[in-house]
Amino acid sequence: MLLLSFPDVVFFGRTLQTSALKAGVAGPSGPWGYHGHRPLRGPVVDAEASATTYEPSTFQVHDALGRGEIPYWNTRSAFGEPFAANFLTGIYAPLRWPVFLFPTEWMQDAYLLLRLWLAAFLAYLFLREIQVGWLGAATGGAIFGLSGYFVLLVNMVHLDVEIWLPLVLLALEKLCRAPSARTMAWLALATALAVFGGNPESVAVLLSAAGLYLAYRSRLRVDVLSLGAIGFLLGILLAAPLLVPGIEYVAHGVHTKPPAAGLEHDPTRTFALALVPDFFGPLNATWDLMGPMTRWCALGIVPWTLGLAGLAARRKDGAQWFFSGLLVVCVMKIHGWPPVQWIGHLPLLRFVLFTKHLQPVIALCIGALAAFALDRLARENAGRRALVVAAGVTSAVVSVFVLRYRKAAGAAGAWPPTLHAVIVEMGFLAIAIGVASWPRLRFGATFAAIGCVACLWMHVPRDRPERYDPSTPPPFVDALRSDPSHPRIAGFDGLMSPNWAAVFGLDDLRFLNGLSVATSTEWIRKRVEPMVFDRFSGTDSPEPDLFGTAIDQSGVRYLLSIRPIEEHATRFLASRARRPFPEKEGFRLVDRSRTNGVALRVDPERPHELEISLPLRAARLRASVASTASDARVRVEVERLSTPRVLYRRFLDPVSRTADRRWFDETVAVPAGDGYLSLRTDPGPNGNRRFDRICWADPRTPADESLAPNGLADFRIAAPGVGFAERSTVSLSGDSRVAIAQRTPCALNRPIHVGSAGARLAFAVGFHPDALRNLQCDGAGCELAWQERGQPATLFDDRIGSGGRLVDVDLDAFRGQTILLRLVSDDVTTEWSQFSPELFGRTLEETFDRNDVHVYRNPHALPRAYFVPESGVVTAETRDDAVARTADPSFDARRSVILEREPSDAASEAPRNASTGLGGSVRIATHDAEEVSLEISAETDGRCVLLDAAYPGWRATLDDVEVPIRRANGAFRSVAVPRGEHRLRFVYRPASLRLGLGLFACAALALGTMAWKSKRSVL
């Protein structure tokens, strides 16, 4: 069956890997040098997850094993993160070890196909164990192993968990029949195999389904239940080397699941895809907002018909009732029916995306019920009536969906594959029913099984890319690897996509994993890219801030780009602009082509405004400006801005606190003077940036006070607010108001003048009810801030001819300050382009330019390890405060380091002045994944800072004496170093791993002892 379903992979050099489709080192075009076939639409649901996460991690493990190491820490991603503790790396999954040892393209494909075969074979063994004939068991195994979920997600790592579901049920069946220490040991081993697969959501669903099966089969006998519980517990303890560090990682990390993922559900109409997978259109091109993810429930008409017919099976053990009941519960949960939605509130299950991870359970239930139907049809030549009734039910369901959505399906071009599937599958059913109805023929079950296999085969995608080694290095990799300073890189345009840099031995500021270190993620989000939540891919929109001081402070020495750096500077300036809300943008970003580049189009009397912090280095504004007119006047204006002063702050949590599900009417005093009033939102410590939405209503002042009561009319979006703010009528607890619904990271700004007496601003704030209805939030913080403005200064005011000209403005007078930069076109529309990175005090040296790849060297980047004198140590109250202070343009990371206050610190310690010299030097002797050795020559007492993540488990020794590590600048490691020559060593020895290994040893010893002492020991 696998040969029939995947002949192109087995015989014709195609691959199940997806790096050629989505990722690699050449940006969106895939691996470097790949020129093979590219399918128009990918043959899998989520090609990016495999291409950018699982495939590169395989090469990382292979390289580590080649050095005789087990990769516990990944130094290549962001500021470093745990590797083995990341559930998605699969380091402990037994099936992946052949791929880790031999990561060839052929071995990768063999491993992926082996998982499908193993899933089907284990389901076959389980069905045979519960007394199903070979024909029914083989068909049921095929339904499970070739279900749409496994085929469309064949490249996903969580299948390493889900394929073991029938094995766990098989062990439970043996335990219930013959409860003993030995059968309990088999259950523990099966459980450990599943847990070692790595995906926590899949493990939670698998153990839940297995627990229900244990309760059913044991008839609630205390002895069997106890043995089963002990078996599950021992299996979990065997997987403790993964679980304990993984739990620590979750506690200190950011994960991709929203807080109430367990309550998500699909519309009922998506059930049509279970019967006819192409009903909503081709894979990855669906209509009616039905994304490709809903396709993973695909099985086809014949398997579902046989499954319904299996309800009539007359089994002594009543297994048909268990699997049918479990099937009904799963379908109801996926589609959000109230009787079972409470499951999503359970503590461990609230993070499970049931619409996805219940699909293997559904496939096994359908496979078991279909096996019962075929078994009855083959053994007893009975069940014909049940088969007819089931065929009528499935035909009726398909007919209802076809009639209901016929116009949309026809417009989307979904009719040809839909009709083809319906005709073929119903034809097989008709033949099977006809043969089964003939008294002297006993081949009805065989025809039904053949129809089932044909149905599964028909829905397997076959348009796949060609085999190619995705680890083929591009020419610029050697140049980057030759730098002995262990630099970091970052890139635009998806060039050297996250995690692939690690394959080539490069450290990348970007990251893309299911888990990431919280301190690193927050630092990058606040300093580099405000859109970052659980990943930073370099393809984020708007442009990441790879021009400011953040890349210096994080040690980014090389920038990679497909476009010239001037185009990215132009895009960055466009994305961070303040825009009027909501009718007019005030400017347009014009993207003509790769050859002509991009330009800011500024209309008359609608200036382009940008808030930016200039570094301590000299900065200049250099750009080309052109106009269609022969004579146009342009100006460059600058306003000094003060540090924002927070006037009001509140954290709303309507999920946990019912009282927060309403409008809060507030009044605050506004200082006198000229400034900007800002309405801001931030997820806060518990919020989910993707879904939290704060609503602002009716900002106003009394008529007799100096602030004009213009309400929401004059507020502007502060970038990057495109698509992150909308005006609408919002109703909270029956109180409807016109409001702006705002998602972070955008803010709303309004220039105002307040008289000498000041004013009081009245406004209302609340949490948007849509986020509450979807339960996709854990609350968000909101604040009202005041930022004083200075007198505007005109730095350039001249006319340009039709040929355009270069604008060159010296901003040295504003270095170390936050300014509002305004580009004004008075007469006609002008286009500003080719902004130089010198605006950010940035002088970049292009070191590589070939084949549309640009590599720029950043000479201002901090070394990976450096020394700061004691006089430059500054104390911050919190980590957020430390990160915020690193963004201050007056902060010089070479001469100052910010530590977070500890109880031993002086209560009133004030920031010290930075020293005039560095006061010492640091040389990196070795920089490996789990060990870093530094040689320090200090002229005075101070601190050594290593630009790697401060994370539990790292230990430091100074001249072989253990010393404490303190978090520096909100994210990095630092150690106090006295004057003199020293050797500093960092090693990763997490206590969580030692605890996990200890629990594993205890569980293994207990299992071995029980299995050796007794063969039939009953509890």
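Student: In strand β31, which residue is the bridge partner of aspartate 849?
Tutor: This is a predicted model, and every answer here should be read as describing that model. Strand β30 and strand β31 (residues 853-857) pair in the antiparallel sense, and five bridges hold that pairing. Within β31, the bridge partner of aspartate 849 is histidine 854.

Student: Which residue in β24 stands opposite glutamate 666?
Tutor: Glutamate 666 belongs to the covered face of β17, together with Phe664, Val668 and Val670, whereas Asp665, Thr667 and Ala669 make up the uncovered face. The antiparallel strands β17 and β24 (residues 759-767) are joined by seven bridges. The residue of β24 that stands opposite glutamate 666 is phenylalanine 763.

Student: In β22, which residue is the bridge partner of cysteine 695?
Tutor: Strand β19 (residues 694-700) and strand β22 (residues 735-742) run antiparallel and are joined by four bridges. In β22, the bridge partner of cysteine 695 is alanine 741.

Student: Is strand β28 largely enclosed or exposed, and how many of its residues are buried?
Tutor: Thr818, Leu820, Arg822 and Val824 point one way from β28, while Ile819, Leu821, Leu823 and Ser825 point the other way, and all are buried. Strand β28 (residues 818-825) is therefore largely enclosed by the rest of the structure, the number of its residues that are buried being eight of the eight.

Student: In β28, which residue is the bridge partner of arginine 640?
Tutor: Strand β28 has antiparallel pairing with strand β13 (residues 608-613) over six bridges, and there glutamate 609 has arginine 822 of β28 as its bridge partner. Eight bridges also join β28 to strand β15 (residues 631-641), again running antiparallel. For arginine 640, the bridge partner in β28 is isoleucine 819.

Student: How many residues apart are phenylalanine 79 and tryptophan 523, which form an aromatic pair?
Tutor: The structure holds 33 aromatic pairs. In the pair formed by phenylalanine 79 and tryptophan 523, the rings are 5.5 Å apart centre to centre, with 75° between the planes, and the arrangement is edge-to-face. The pair links distant parts of the chain, with phenylalanine 79 in the loop between β1 (73-74) and β2 (81-82) and tryptophan 523 in helix α27 (residues 518-527), and the two are 444 residues apart.

Student: Which residue lies over the face of tryptophan 523?
Tutor: Tryptophan 523 counts as buried because its relative accessibility is 0%. At 5.3 Å from the ring centre, the residue that lies over the face of tryptophan 523 is arginine 527.

Student: With which side chain does the side chain of glutamate 425 make a polar contact at 2.9 Å?
Tutor: Glutamate 425 lies in helix α23 (residues 415-437), and it counts as buried because its relative accessibility is 1%. A polar atom of its side chain lies 3.3 Å from the backbone nitrogen of valine 302. The side chain with which glutamate 425 makes its polar contact at 2.9 Å is that of histidine 459.

Conventions. Residues numbered from 1 in each chain as written. Predicted model: local features only at pLDDT ≥ 70, side-chain atom pairs only at ≥ 80, totals over all residues. Heavy atoms only, no water. Phe/Tyr/Trp six-rings, centres within 6.5 Å; stacked < 30°, edge-to-face > 60°. Buried < 20%, exposed > 50% of the residue type's maximum accessible area, 1.4 Å probe, protein only. Lys NZ or Arg CZ within 6 Å of the ring centre and 35° of its normal. Pairing = 2+ DSSP bridges. Polar contact = N/O pair within 3.5 Å; in protein donor to acceptor, adjacent residues only side chain to side chain.
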